[in-house]
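The following note is intended for a colleague who is meeting this structure for the first time. Please read the numbered points with the sequence and the model at hand.

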There are 2 protein chains.
Amino acid sequence: MENQDLRNTGLKVTVPRLKMLECLGKAQDRHLTAEAIYRQLLEAGEEIGLATVYRALTQFEAAGLVTRHHFEGGQAVFELERGPHHDHIVCIHCGRVEEFYDEAIEKRQRAIAKKLGFILRDHTLTMYGECSRPNCQGQNDES
Amino acid sequence: MENQDLRNTGLKVTVPRLKMLECLGKAQDRHLTAEAIYRQLLEAGEEIGLATVYRALTQFEAAGLVTRHHFEGGQAVFELERGPHHDHIVCIHCGRVEEFYDEAIEKRQRAIAKKLGFILRDHTLTMYGECSRPNCQGQNDES
DNA sequence: ACGTTAATGAGAATGATTCTCATTCTATTT
DNA sequence: AAATAGAATGAGAATCATTCTCATTAACGT
Ligand SMILES: [Mn+2]
Ligand SMILES: [Mn+2]
Ligand SMILES: [Zn+2]
Ligand SMILES: [Zn+2]
């Protein structure tokens, strides 16, 4: 379980960290902001500080347990690192996030980086659009 | 010139706005932070406030004169909107930015969005890597 | 040149994230 | 199991980019 994941990183196994991983693991929405995690733990009766959440997330990221994404709109979102790399499409109305992986795109990226003389280390591909939910399609933008 | 661009947006033609467009237009590096623009204008002896720079950039963006990018690292960068859409690759060592456009990638994105039931409105693709400059390749990361 | 109205700049305010530091835990050693 | 050393925690201050407020100034149709 999470217990082992933590131990392997060299980080100490503490209640706040375990609860955070648990929270990230069982969330319906796999992509959570630091505050969302913080609030959920508070509501679950845990005693935790927002500083701890941010600090731990950064450590998890460094350890490869978690990935940080900067979608539009201020807050970063974090997701538990399961399975392989993927990219995202985000609904500009409801915030829904879907994941995808496309080998053709990945391949083209490698080719382009090489052609430009770069050693590719990372990339970020995020699409934004209107998802298929009833209130999301064909909205007029003015909020 | 910039004069006309501004008039077309409905924005008034003012000294700060003209200077900003001029600055964005003649910069060797096409991708500038708000502060970079602010500093350059100050150094050129212009009297301008940082608030004005941010405000005008947001207006330029809304008018389609300028594009805002959120690369890694806090500050947004802005670039004058010439030519057609393109994506970016950024050197993680020296910050150099190269641009590219790949129809195959664009096409796959449209197909993926459709398959997932999204109406695609926008996207962001940024690669990060080590560029070909002497001090950028094969660096050890610890800063 | 005048008047209306938008634009400006200084500084305060905001929001996300990080830092500081005194206190509390973990894990390891007696 | 008690003792220890060092890491982790939480509250609140601090930071950083960006936006807001508001009194003053500038743009431009008349
Ligand atoms: Mn994901
Ligand atoms: Mn560009
Ligand atoms: Zn939606
Ligand atoms: Zn470089």
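1. R68(A) and E61(A) form a salt bridge in which the closest N and O atoms are 3.1 Å apart; a salt bridge here is a side-chain nitrogen of Lys or Arg within 4 Å of a carboxyl oxygen of Asp or Glu. R68(A) is partly exposed at 24% relative accessibility, and E61(A) is partly exposed at 32%. In these terms, buried means under 20% relative accessible area, exposed means over 50%, and partly exposed lies in between (1.4 Å probe, protein chains only). Over all chains, the search finds 16 salt bridges.

2. The model is a predicted one, in which local features need pLDDT of at least 70 and side-chain atom pairs count only at pLDDT 80 or more, whereas totals for chains, interfaces and linings use all residues. Residues are numbered from 1 along each chain as its sequence is written, chains are lettered from A and ligands numbered from 1 in the order in which they are written, and side-chain values use heavy atoms, with hydrogens and water left out.

3. In chain B, the side chains of E22(B) and K26(B) meet in a salt bridge with an N to O distance of 3.4 Å. Both residues belong to helix 2 (residues 15-26) of chain B, where they stand 4 residues apart, about one turn of the helix. Helices (H or I, at least four residues) and strands (E, at least two) are DSSP runs, numbered from the N terminus. E22(B) is partly exposed at 32%, while K26(B) is exposed, with a relative accessible area of 61%.

4. R30(B) pairs with E99(B) in a further salt bridge, the closest N and O atoms being 3.4 Å apart. R30(B) is in the loop between helix 2 and strand 1 (32-33) of chain B and E99(B) is in strand 5 of chain B, so this pair ties together parts that are 69 residues apart in sequence. R30(B) is partly exposed, with a relative accessible area of 28%, and E99(B) is partly exposed at 26%.

5. E99(B) also belongs to a metal site: the manganese ion (ligand 2) is coordinated by H31(B) (NE2), two OE atoms of E79(B), H86(B) (NE2), H88(B) (NE2) and E99(B) (OE), at 2.1 to 2.5 Å. Donors are N, O and S atoms within 2.8 Å of the metal (3.2 Å for Na, K and Ca), and water is not among the atoms, so sites may look incomplete. The angles among the 6 donor atoms run from 55 to 166 degrees, and the site is irregular. Four donors count as tetrahedral if all angles lie between 85 and 135 degrees; four count as square planar and six as octahedral if opposite donors are over 155 degrees apart and all others between 65 and 115; anything else is irregular. The donor residues follow the spacing H-x47-E-x6-H-x1-H-x10-E. Within this set, H86(B), in the loop between strand 3 (77-80) and strand 4 of chain B, and E99(B), in strand 5, are 13 residues apart. H86(B) is buried, with a relative accessible area of 14%.

6. How is the zinc ion (ligand 4) coordinated? Its donors are the SG atoms of C91(B), C94(B), C131(B) and C136(B), at 2.2 to 2.3 Å. The angles subtended by these 4 donor atoms are 106 to 112 degrees, which makes the arrangement tetrahedral. C94(B) lies in the loop between strand 4 (87-91) and strand 5 (97-100) of chain B and C136(B) in the segment after strand 6 (119-130), so the pair ties together parts 42 residues apart in sequence. C94(B) is partly exposed at 34%, whereas C136(B) is buried at 4%.

7. In chain A, the zinc ion (ligand 3) is coordinated by the SG atoms of C91(A), C94(A), C131(A) and C136(A), at 2.3 Å. The donor residues are spaced C-x2-C-x36-C-x4-C. C91(A) in strand 4 and C131(A) in the segment after strand 6 are 40 residues apart. Both are buried, C91(A) at 2% and C131(A) at 0%.

8. The contact of the two chains, counted as heavy atoms within 4.5 Å, takes 33 residues from chain A and 34 residues from chain B. The rule finds 4 salt bridges across this interface, among them E130(A) with R121(B) at 2.8 Å, N to O. Strand 6 of chain A gives the largest share of the side of chain A that touches chain B, 12 residues.
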